[in-house]
Amino acid sequence: MNKAGLEDVVASQTAISYIDGQKGDLFYRGYHINDLAEHANFEQTAYLLWFGDFPTEEQYRRVCGLVHDQLGLPKEMMAILFDLPDTAGPMQALRTAISALALHDPEANDNSPEANQQKAMHLMAHFPEIVAANYRIATGQWPLQPMERCGLAANFLWLLKGCEPEPLHVEAMDKCLVLHAEHGLNASTFSARVAASTLSDMYSAVTAALGTLLGPLHGGANQHVMEMLVEVGDPKHAEAYVKNALANKQRIMGFGHRVYKVEDPRAIILREISKELCEQTGNIKYYEISEKIREVTYAEKGLYPNVDFYSATALHALGIKTELFTTIFAVSRVVGWTAHVMEQHADNRLIRPRSEYIGHKNRTFTPIPGCRQAYH
Ligand code: SDX
């Protein structure tokens with residue numbers, strides 16, 4: 001019997017990314033994440049993940065143009081966002097909107113490579129728009145139209161905040177989007193592949209992935225990290241907080257990983273981004289608390305930070321509200337999900353594992369008094 005949670009089970013083949021959990025290396029289509037974070041932007045990374053190689057200048061212009069041309073939410077989509085109940089959180093709103101978006105795409109159920117590529121660009125363009133529009137509606141602000149001639153990271157910050165973003169913030173957001181774009185068969189990507197393996201459509205697969213990412217053991221962790229930092233409040237309280245949490249068998253959010261046995265390479269890069277942004281804002285308290293928590297958690301439990309730990313302070317320093325953190329993860333990861341859906345559809349076999357039965361066996365049926373009739 002395999003370990004619980006399909007640990008170490010190789011459930012499919014992929015050429016999209018490779019994780020070396022022992023060495024702490026991550027490669028997108030053979031390129032190391034350090035090189036990508038340093039030298040590639042989100043649009044180039046998306047092209048690489050979708051098509052297997054970096055675009056030529058002409059291909060880059062075409063894809064950016066195609067993604068940019070998709071910007072601008074259908075009016076019916078805005079109506080849905082305005083009608084959502086106040087109780088709808090940002091991830092629930094995004095999940096609902098993406099499911100509805102499919103109803104406005106005539107190619108929604110066409111799983112051909114060409115239609116899937118169009119849908120992937122469609123989703124890449126609309127995710128940030130939906131997140132930003134929903135946030136502005138929920139905070140009593142009118143949604144904005146995208147800026148002309150700028151990258152997705154800059155447009156996303158504009159659509160969220162309504163002011164021209166600083167170059168440092170654009171660069172930091174772009175790196176965050178590159179770093180969160182793809183990570184092998186993580187739970188949400190696995191959901192997308194299982195849905196795609198039934199030959200269901202890309203929108204359905206992405207909706208399944210969104211519901212999976214939401215969980216606090218996965219993409220929801222970054223919000224809980226920020227809530228933890230606020231609760232700790234001061235670096236001198238960090239040690240007691242961690243020791244108390246561990247003594248009570250609580251998880252320190254943003255730590256540990258199913259695959260990495262050393263530090264998550266994305267956390268190393270995000271730590272630098274977080275430090276630079278926090279220093280630029282002049283408020284490094286949460287970064288200092290993070291460092292103390294990192295030190296104590298490793299000393300007490302031998303655990304390393306994962307991608308969610310420093311993304312929390314980086315996004316906070318960008319002025320992004322905590323409740324939006326997981327949607328930022330989704331804005332990036334939709335590229336990985338769509339790449340995996342295309343890979344699954346291109347060489348498909350239904351994903352259907354077995355389970356070990358541990359329930360009752362061979363029970364004798366005795367009639368249930370008075371309940372036989374189908375209708376009363
Ligand atoms: C992401 O899969 C991916 O690639 C995901 C991701 C991606 O890019 O898609 O990398 C993004 O989801 C990162 C993870 C975000 N989640 C969190 O930060 C939540 C906190 N972390 C944990 O719950 C946990 O580390 C997981 C869920 C991430 C991994 O869990 P596993 O592999 O199932 O490990 P486990 O729960 O079996 O724990 C093994 C041991 C246990 O100790 P013992 O009971 O054996 O003594 O490690 C301990 C756990 O108690 N442990 C933790 C811990 N994580 C593991 N103890 C305290 N705090 C933690 N965070």
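Modeller: The shell around the ligand draws at least three residues from domain 1 (13-214 + 322-346) and at least three from domain 2 (221-317). Those bounds come from an automatic or database domain assignment. The model is predicted: local features need pLDDT of at least 70, side-chain atom pairs count only at pLDDT 80 or more, and totals for chains, interfaces and linings use all residues. Residues are numbered from 1 along each chain as its sequence is written, and side-chain values use heavy atoms, with hydrogens and water left out.

Biologist: Which residues around the ligand come nearest?

Modeller: His183, His257, Arg258, Arg266 and Arg333, out of 24 residues around the ligand. A residue is near if one of its heavy atoms lies within 4 Å of the molecule.

Biologist: What about the backbone of isoleucine 252 and of glycine 254?

Modeller: A polar backbone atom of isoleucine 252 is 2.8 Å from a ligand nitrogen. For glycine 254, a polar backbone atom is 2.8 Å from a ligand oxygen.

Biologist: How is the shell split by class?

Modeller: Ten residues are nonpolar, eight polar and six charged.

Note on methods: Polar contact = N/O pair within 3.5 Å; in protein donor to acceptor, adjacent residues only side chain to side chain. Nonpolar A, V, L, I, M, F, W, Y, C, P; charged D, E, K, R; others polar.
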